[in-house]
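Subject: Structure handover

Hello,

Here is the structure you asked about, with notes on what turned up in it. Please look through it before reading on.

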Amino acid sequence: GLHMNIVAEGVETHEQLEFLKQQECSEIQGYLFSEPVPERKFTGLLKQGFIKVQNDHSNNDHLDKRAFYRLELLFPLSSSMTLVSFQDKQVNLGKSNVLVENIGPGGLRFLSTLQLPVRPDIIYQFDTTILNHDIHVKGRIVWKSEVKVGTYQYGIEFVVTEKERDHLVKILNAFSLQLKNNAFLPDCDFINEDKFYYLRKVHATA
């Protein structure tokens, strides 16, 4: 919040790394990337230019924590996103177009060029169309990752009633069955073009 560059030291687990990424900490130091090395090896690392995270299963960690299944979409769904609640106060800050990459009864994953905070007290609404059904779901961001310069991936946990979830499950079950035969179904807000190009185009015209 002070617009300072922060280096987190002693990072040793994937959970710590994911937490720091969600807090938008851009630099870390720790055994997760490398133990201390002698000068000769360090020189080689400088020439290499990067170090991979060892045994990075961070994406699987997100999957393991889910209580519900997700439908992975070959073609993303265009969705309108609106910030509707901040610290339990109703707000309406307009709509932004995002791309839904997967969806299930418990949440969804979306792509956007917007930088959004990971905060449990901010609730967003997502509107899209699946099999000619207007889908309106609310949720909070629980994780964030920059997948390309200027493009961010977010995980959403739904904040819905059981009645709303049951209704969504019925639609998603039918959706799942039809996706097995056709990955680009009619009566859905699918986008049939490169998703990064699409988001840049949307951002340029916003």
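**Charges over rings**

Lys148 lies over the face of Phe196, 4.4 Å from the ring centre. There is also Lys144, whose charged end sits over the ring of Tyr152 at 5.2 Å from its centre. Please keep in mind that this is a predicted model.

**Aromatic pairs**

The structure holds 6 aromatic pairs. One of them is Phe75 with Phe184: the ring centres are 5.1 Å apart and the planes stand at 80°, so this pair is edge-to-face. Phe75 lies in strand β3, while Phe184 is in the loop between α4 (162–179) and α5 (195–205), so the pair ties together parts that are 109 residues apart in sequence. Phe75 is partly exposed, with a relative accessible area of 22%, and Phe184 is partly exposed as well, at 33%.

A second pair to look at is Phe110 with Phe126, with centres 5.3 Å apart and planes at 55°, so it counts as tilted. This pair links distant parts of the chain, since Phe110 is in strand β6 and Phe126 in strand β7 (residues 122–130), 16 residues apart. Both Phe110 and Phe126 are buried.

Phe75 and Phe184 also belong to one aromatic cluster, together with Phe175 and Phe190.

**Strand β6**

Which residues lie on each side of β6? Gly107, Arg109 and Leu111 are on one side, and Leu108, Phe110 and Ser112 are on the other.

β6 has antiparallel pairings with two strands. With strand β5 (residues 95–103) the pairing runs over 4 bridges, and a hairpin of 3 residues joins β5 to β6. Val100 has Phe110 as its bridge partner in β6. With strand β9 (residues 151–158) the antiparallel pairing runs over 6 bridges, and the bridge partner of Arg109 in β9 is Gly155.

**Ser85**

Ser85 lies in strand β3 (residues 71–86). Is Ser85 buried or exposed? Ser85 has a relative accessible area of 8%, so it counts as buried. Leaving aside residues up to four places away in sequence, Ser85 touches Gln90, Val91, Asp121, Ile122 and Ile123.

**Cysteines**

How many disulfides does the structure hold? There are 0. Cys25 counts as buried at 15% relative accessibility, and Cys188 is buried with a relative accessible area of 13%.

Regards

Notes
Residues are numbered from 1 along each chain as its sequence is written. This is a predicted model: local features need pLDDT of at least 70, side-chain atom pairs count only at pLDDT 80 or more; totals for chains, interfaces and linings use all residues. Side-chain values use heavy atoms; hydrogens and water are left out. Buried means under 20% relative accessible area, exposed over 50%, partly exposed in between (1.4 Å probe, protein chains only). Two strands pair if DSSP finds at least two bridges between them. Contact means heavy atoms within 4.5 Å. A disulfide is a pair of cysteine sulfur atoms within 2.5 Å. Rings of Phe, Tyr and Trp (its six-membered ring) pair if their centres lie within 6.5 Å; planes under 30 degrees apart count as stacked, over 60 as edge-to-face and the rest as tilted. A charge sits over a ring if NZ of Lys or CZ of Arg is within 6 Å of the ring centre and within 35 degrees of the ring normal.
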